[in-house]
Amino acid sequence: MRFMTVAATVAATFSLSPAFAQDDRTDWPSSLTIGTASQGGTYFIYGTGLAGLISQNLDLNASGEVTGGPVQNATLVETGDHQIGLVTMGPAYEAWTGNSELAPGVEHKALRALFPMYQTPFEAVALQSSGIADVTDMAGKRVSVGPAGGTAATYWPRFFEVLGVDATISYAGANDATSQVKDGLIDAFAFAAGVPISAFAQIAAENPVNIFGFTEEQRAQILEAMPEVAAFEVPGGMYQGFPEGHGTVAMWNFAVAHQDMPESLAYEITKLVMEGNEAMMQIHATAAETLPENVDKNTFLPYHPGAVRYFDEAGVEIPAELRG
């Protein structure tokens with residue numbers, strides 16, 4: 001099922017000037033699908049908004065599609081079912097090296113990076129009445145980790161293992177998981193998305209909740225065991241009733257495409273996003289990090305030749321080994 005409401009709204013409000021030449025469009029597809037994640041998460045908002053900008057400015061029918069998240073998105077792009085996927089770099093690296101949980105043994109060598117998106121922090125939410133205010137409090141509890149195949153579903157169980165937390169894991173989309181927390185069907189929801197996470201913001205506005213990441217000691221353990229994540233500070237004021245921030249870990253997100261995407265299309269999409277930061281930030285505040293200077297946050301995935309062309313023109317250096 002395709003969801004165009006957010007995309008259409010953004011496109012109508014924040015259109016930019018088309019930059020393509022008509023003679024460059026001969027090999028463009030008639031439509032384009034962007035793999036996002038579950039409703040209630042940042043990927044869905046970011047991806048459908050991006051689809052709207054592409055539709056409006058490049059005269060191409062683009063749509064965002066609900067998926068299981070980065071693990072599935074990488075495979076959908078690899079197989080050509082989706083033209084663009086939003087991925088975090090941990091699952092992308094595992095897909096690239098043939099260690100994807102969804103397609104084990106299959107090296108996703110057709111993936112190409114387009115542009116940096118933002119960092120994804122890992123956060124958890126629970127009703128105050130549950131008594132859960134720390135990751136260790138989730139031991140023996142029912143905890144959703146988002147949809148199967150998503151970044152949260154991949155990494156939260158690993159965090160639990162590092163910290164010695166034995167929780168009962170379940171899987172659900174962000175909106176469904178927060179509803180389950182409110183209804184007492186699960187005890188906590190541990191997720192990963194750009195802040196503010198819309199599902200967290202909604203439950204915080206309606207219920208007394210605890211929203212937390214990791215203590216300094218917990219974070220140090222995770223960083224030592226898992227170098228693919230980095231320290232992150234969630235600013236205060238992201239959620240109602242939480243004027244103070246908290247520490248956690250995060251992972252960078254990138255938009256990726258198949259290597260067979262026409263070079264001119266990859267160029268125009270990259271240019272549209274990199275030169276339209278104001279419009280991107282109207283889609284979601286996390287786009288404050290959707291900037292050319294963050295291309296260096298990708299250290300393994302080759303950039304699409306169309307993206308390389310744009311960054312060369314913009315004076316942004318792409319290492320020789322990543323000029324795909």
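**Exercise 1. Identify the elements that each supply at least two residues of the lining of the largest cavity, and characterise that lining.**

Solution. The elements are α2 (42-58), α5 (151-163) and β8 (188-192). Helices (H or I, at least four residues) and strands (E, at least two) are DSSP runs, numbered from the N terminus. The model is a predicted one, in which local features need pLDDT of at least 70 and side-chain atom pairs count only at pLDDT 80 or more, while totals for chains, interfaces and linings use all residues. Residues are numbered from 1 along each chain as its sequence is written, and side-chain values use heavy atoms, with hydrogens and water left out.

Step 1: the search. Over the whole structure, 1 cavity of 30 Å³ or more is found. On a 1 Å grid over the protein atoms alone, a cavity is a set of points where a 1.4 Å probe fits but cannot get out; a pocket is an open set with protein on both sides within 12 Å along at least five of seven lines; lining residues have an atom within 4 Å of a point.

Step 2: the volume. The largest cavity has about 140 Å³, a volume being the space filled by probe spheres set on the points, with grid points joined across faces, edges and corners.

Step 3: the lining. It consists of 17 residues, and Ala 37, Pro 70, Thr 151, Phe 191 and Ala 192 lie nearest the centre. By class, 8 are nonpolar, 9 polar and none charged. Here Ala, Val, Leu, Ile, Met, Phe, Trp, Tyr, Cys and Pro count as nonpolar, Asp, Glu, Lys and Arg as charged, and the others, Gly among them, as polar.

**Exercise 2. Describe the largest pocket and determine which element gives the most to its lining.**

Solution. Step 1: about 300 Å³ of space lies in this pocket. Of its 17 lining residues, Met 89, Pro 227, Glu 228, Lys 297 and Thr 299 are the closest to the centre.

Step 1: two or more lining residues come from α4 (89-96) and from β11 (246-258). The largest contribution is that of α4, with 4 residues.

Step 2: the lining divides into 10 nonpolar, 4 polar and 3 charged residues.

Step 3: Lys 297, cited above for the pocket centre, also forms a salt bridge with Asp 296 (3.1 Å, N to O). A salt bridge is a side-chain nitrogen of Lys or Arg within 4 Å of a carboxyl oxygen of Asp or Glu. Lys 297 is partly exposed, at 34% relative accessibility. Buried means under 20% relative accessible area, exposed over 50%, and partly exposed in between (1.4 Å probe, protein chains only).
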